[in-house]
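The tour moves from one selection to the next.

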Amino acid sequence: MLTVFLRNPVVPIDNNHVERQMRDMVMGRKNHYGSKSKRGTEVAALFYSLIETARLRGEEPGHYLQRAALASIENPGSVTLPKSQA
């Protein structure tokens, strides 16, 4: 499985792009200590994940979070994914 990049030119040889995207989360880790609860840290991690997913899919994170919040109020339990720009 570690040789998939040899057969598929779309698969990168490394994961540097992912590590660079995680840098913001790692740098913000100190802020999680201020949440004072495990649940607060879990919510922060959830939002980081949603924001990064929106960025990866080419949607402005603030617009996505607003759209997802309004959709979940209108239809509780629904899942709203960021729009793909590709």
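Select R39. Its relative accessibility is 57%, so R39 counts as exposed (exposed is over 50% relative accessible area, buried under 20%, partly exposed in between; 1.4 Å probe, protein chains only). This is a predicted model: local features need pLDDT of at least 70, side-chain atom pairs count only at pLDDT 80 or more, and totals for chains, interfaces and linings use all residues. Residues are numbered from 1 along each chain as its sequence is written, and side-chain values use heavy atoms, with hydrogens and water left out.

E42 and R39 form a salt bridge, with the closest N and O atoms 3.8 Å apart (a side-chain nitrogen of Lys or Arg within 4 Å of a carboxyl oxygen of Asp or Glu). Both lie in helix α4 (residues 38–56), 3 residues apart, about one turn of the helix. Helices are DSSP runs of H or I, at least four residues, numbered from the N terminus. E42 is partly exposed, at 38% relative accessibility.

Stay in helix α4 and select E52 and R55. Their side chains meet in a salt bridge, 2.8 Å from N to O. Again the spacing is 3 residues, about one helical turn. E52 is buried at 11%; R55 is partly exposed at 45%.

Next, select E59 and R67. This salt bridge spans 3.0 Å, N to O. E59 is buried, at 11% relative accessible area, while R67 is partly exposed at 25%. The structure holds 3 salt bridges.

Finally, color by pLDDT, the predictor's confidence in each residue, from 0 to 100. Confidence is highest in helix α5 (residues 61–74), at a mean of 88, and lowest in helix α3 (residues 29–32), at 61. The chain averages 78, and 79% of the residues score at least 70.

Technical notes. Helices (H or I, at least four residues) and strands (E, at least two) are DSSP runs, numbered from the N terminus.
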